[in-house]
Amino acid sequence: MSAKNTERMLFETGVVAIMRAKSSDQLLAAAEAIMKGGVNVIEVTMTTPNALKVIQEATDRFSDDVLFGAGTVLDPETARAAILAGAQFIVTPTLNKKTIKICRRYAVPIIPGAYTPTEILTAWEAGASSVKVFPASSGGPGYIKAIKAPLPQISLTAVGGVNVENTAEFFGAGVDVVGVGGELVNQKLLDQGDLKEITRRAEQFRTEAEKGKVKSGRR
């Protein structure tokens, strides 16, 4: 899938499921459940055991039906390894221009982490597909709205503190994407094998994302 198509799928879905799992079997089962709920973009954190192998297995199994990216990427070397393993997008917790550069070289979308207006603009000018405002819980939707006022051209992704109750509000404030971790998939649900609950939560987040897009005039 081209970078352009990857970005389109990312923005159309609007919700990235951030997943950490003890095993690839758990993650793949959860990915299936999430997809049934309408969320087809999944970030596999590099803190997941054998993360690169998991990404490779996931991309082989789901092909282009689900986007699998690598998260918690701290440097260009890790980004390159993840891309070669099949990662279709890269997410970082911090701003590293060299990491953005390597992703651009491989034509893979990257969502780098930033918080201040200066960091956000720097990330965007360096080639970010969207800028991850992290932790979004610190300023909430109000902070997103404040950032978008002078920087309306920048695509923002809210991560950290996003839940079902505030998802629509974040979209209404101007984000294009939200990243959701434990509120969507957590180890307790994975250990219990409660895939129906994971699907239900995915449906909720997707519904709230669509509500927020309508509120902001993007639907």
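1. Gln88 is buried, at 13% relative accessible area. Buried means under 20% relative accessible area, exposed means over 50%, and partly exposed lies in between (1.4 Å probe, protein chains only). Gln88 sits in the loop between helix 4 (76-85) and strand 4 (90-91). Helices (H or I, at least four residues) and strands (E, at least two) are DSSP runs, numbered from the N terminus. Gln88 touches Thr6, Thr59, Ser63, Asp64, Val66, Leu67, Phe68, Gly69, Val108 and Pro109, leaving out residues up to four places away in sequence. Contact means heavy atoms within 4.5 Å.

2. A word on the source. This is a predicted model, where local features need pLDDT of at least 70 and side-chain atom pairs count only at pLDDT 80 or more, while totals for chains, interfaces and linings use all residues. Residues are numbered from 1 along each chain as its sequence is written, and side-chain values use heavy atoms, with hydrogens and water left out.

3. How many aromatic pairs does the structure hold? There are two. Phe62 and Phe68 form a tilted pair, 5.6 Å centre to centre, with 40° between the planes. The rule covers rings of Phe, Tyr and Trp (its six-membered ring): they pair if their centres lie within 6.5 Å, and planes under 30 degrees apart count as stacked, over 60 as edge-to-face and the rest as tilted. Both Phe62 and Phe68 are buried.

4. The other pair is Tyr115 with Tyr143. These rings are stacked, 4.6 Å centre to centre and 10° between the planes. The pair links distant parts of the chain, 28 residues apart. Tyr115 lies in the loop between strand 6 (113-114) and helix 6 (117-126), and Tyr143 lies in helix 7 (residues 140-148). Tyr115 counts as partly exposed because its relative accessibility is 23%.

5. Look again at Phe62. Phe62 belongs to helix 3 (residues 51-62). Its relative accessibility is 5%, so Phe62 counts as buried. Beyond its neighbours within four places in sequence, Phe62 is in contact with Leu28, Ala31, Glu32, Met35 and Phe68. Phe62 and Ala31 are 31 residues apart in sequence and 9.1 Å apart in space, C-alpha to C-alpha.

6. Which residues of helix 7 are buried? They are Gly140, Pro141, Ile144, Ile147 and Lys148. Seen down the axis of helix 7, these buried residues fall within an arc of 145°, so they line one face of the helix. The arc is that of the directions from the helix axis to the C-beta atoms. An α-helix has 3.6 residues a turn, so residues three or four places apart point the same way. The buried residues of helix 7 pack against helix 6, strand 7 (131-133), strand 8 (156-159) and helix 8 (167-173).

7. The charged end of Lys132 sits over the ring of Phe134, 4.9 Å from its centre. For this, NZ of Lys or CZ of Arg must be within 6 Å of the ring centre and within 35 degrees of the ring normal. The peptide bond from Phe134 to Pro135 is cis, with omega near -5°. Pro135 is in the loop between strand 7 and helix 7.

8. Most residues other than glycine have a negative phi, and most peptide bonds are trans. Asn50 has a positive phi of about 55° although it is not a glycine. Asn50 is in the loop between strand 2 (41-45) and helix 3. With 59% relative accessibility, Asn50 counts as exposed. Thr72 also has a positive phi, near 55°. Thr72 is in the loop between strand 3 (67-71) and helix 4. At 28% relative accessibility, Thr72 counts as partly exposed.

9. What lines the largest cavity? The lining is Val16, Ile18, Glu43, Phe89, Val91, Ile111, Lys132, Thr157, Val159 and Gly179. Strand 1 (15-19) and strand 8 are the elements that give two or more residues to this lining. A cavity is a set of points, on a 1 Å grid over the protein atoms alone, where a 1.4 Å probe fits but cannot get out; lining residues have an atom within 4 Å of a point. The structure holds one cavity of 30 Å³ or more. About 60 Å³ of space lies in the largest cavity. Grid points are joined across faces, edges and corners, and a volume is the space filled by probe spheres set on the points.

Technical notes:
On a 1 Å grid over the protein atoms alone, a cavity is a set of points where a 1.4 Å probe fits but cannot get out, and a pocket is an open set with protein on both sides within 12 Å along at least five of seven lines; lining residues have an atom within 4 Å of a point.
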